[in-house]
Amino acid sequence: MSDAIFWILALSLGVCALGVVLSRNLYRAAYWLAGALVTTAVFYLALTAPLLAAVQILLYTGGVLTLVVYALVITAQTDDILRWRRPVPALVLAILVLAVLVSFVESGDGAVAVGGLDDGRAAGVSLFSRYVVPFELLSILLLGAIFGALVIARKEGNEP
Amino acid sequence: MILERLLVLSFVVFSIGLFGVLARRHVIAILLSLELMFNAVNLAILSVAWAHGWLTGVILVLFGIAITVAEVAVGLSLFLLAERIRKTTRADDLSMLKG
């Protein structure tokens, strides 16, 4: 990854993240989140993980954004009128957490190998050979989540 | 060098999301900020995996994304239920569990 690509992507990701947190209208926040997720998918492409980039766009951006926008459509209030709740302590805490995390980075020795993952092939093969049991468990989890969401969000009173 | 920059970037995004979770009022706004934090963690995991040629990191991030999607589905349905019963979209008003 060259420097120019990194800085362009980093700027884009930072602006999208700030847009999610700062925009008052929640539709706009959702679209900023879509921008952040797609930018992360481009990062995955640059980090030689095309399988993850595809999953990120299909499942994360497509699935989550559709769910969120659908929930916003049937929600009465989509503007955050009283937007902030104690913003100053939240900001201080966020900056503290950031400082602690960055101090972990600086304490490393910085000696990193060449870097690079395989193309999607090796990841796909190991997903369906070595990690096939967790993969199937994951499908059961997704099925359970869908049924759970249906049961929770069902209207009381009109039983099928 | 590039790994450190990637990690710092993902930590910055994580902190922005943390601020959103702490300071927003609307439940869906909190959920969106939470997604931002998850996304930053995934980026950090994949950066370390990339720097060390660690293929299992791809599988880990893949499972993380799928579990996050399940969590969003359940969370949004809980939000819709709470909105229907309590007629509110603000996290401050959902305090029935407080003793």
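The structure is a predicted model.

Start with the contact between the chains. On one side are 67 residues of chain B, and they are in contact with 79 residues of chain A. Putting the two chains together buries about 6800 Å² of area, and carbon and sulfur atoms give 77% of it. Within chain B, the residues that lose the most area to chain A are F19(B), R24(B) and W50(B), which together make up 11% of what that side buries.

How many salt bridges are counted between chain B and chain A? The count is 1. D3(A) forms a salt bridge with R5(B), and the closest N and O atoms are 2.8 Å apart. For polar contact, the rule finds 8 residue pairs across the interface of chain B and chain A, with both residues at pLDDT 80 or more.

Which helices of chain B supply at least two residues each to the side that touches chain A? They are α1 (2-23), α2 (27-52) and α3. The largest share comes from α3(B), with 23 residues. Sorted by class, the side of chain B that touches chain A has 46 nonpolar, 12 polar and 9 charged residues.

Now turn to the empty space. Rolling a probe the size of a water molecule over the atoms shows where such space is left. The largest pocket has a volume of about 240 Å³. From chain A, its lining includes L67(A), Y70(A), A71(A), I146(A), A149(A), L150(A) and A153(A). From chain B, the lining includes A73(B), L76(B), S77(B) and L80(B). Three helices each supply at least two residues of this lining: α3 (50-73) and α6 (132-153) of chain A, and α3 (56-86) of chain B. Of the lining residues of the largest pocket, 10 are nonpolar, 1 is polar and none is charged.

The second largest pocket has a volume of about 160 Å³. Which helices each supply at least two residues of its lining? They are α3 and α6 of chain A and α3 of chain B. Among the lining residues are V55(A), L58(A), L59(A), F135(A), L138(A), S139(A) and L142(A). Chain B residues in this lining include L62(B), F63(B) and A66(B). The largest share, 4 residues, comes from α6(A). The lining of the second largest pocket has 9 nonpolar residues, 1 polar residue and no charged residues.

Terms used:
Residues numbered from 1 in each chain as written. Chains lettered and ligands numbered in written order. Predicted model: local features only at pLDDT ≥ 70, side-chain atom pairs only at ≥ 80, totals over all residues. Heavy atoms only, no water. 1 Å grid on protein atoms, 1.4 Å probe; cavity = no way out; pocket = protein on both sides within 12 Å on 5 of 7 lines; lining within 4 Å. Points joined across faces, edges and corners; volume = space filled by probe spheres on them. Nonpolar A, V, L, I, M, F, W, Y, C, P; charged D, E, K, R; others polar. Contact = heavy atoms within 4.5 Å. Buried area = accessible area lost by both parts, 1.4 Å probe. Salt bridge = Lys/Arg side-chain N within 4 Å of Asp/Glu carboxyl O. Polar contact = N/O pair within 3.5 Å; in protein donor to acceptor, adjacent residues only side chain to side chain.
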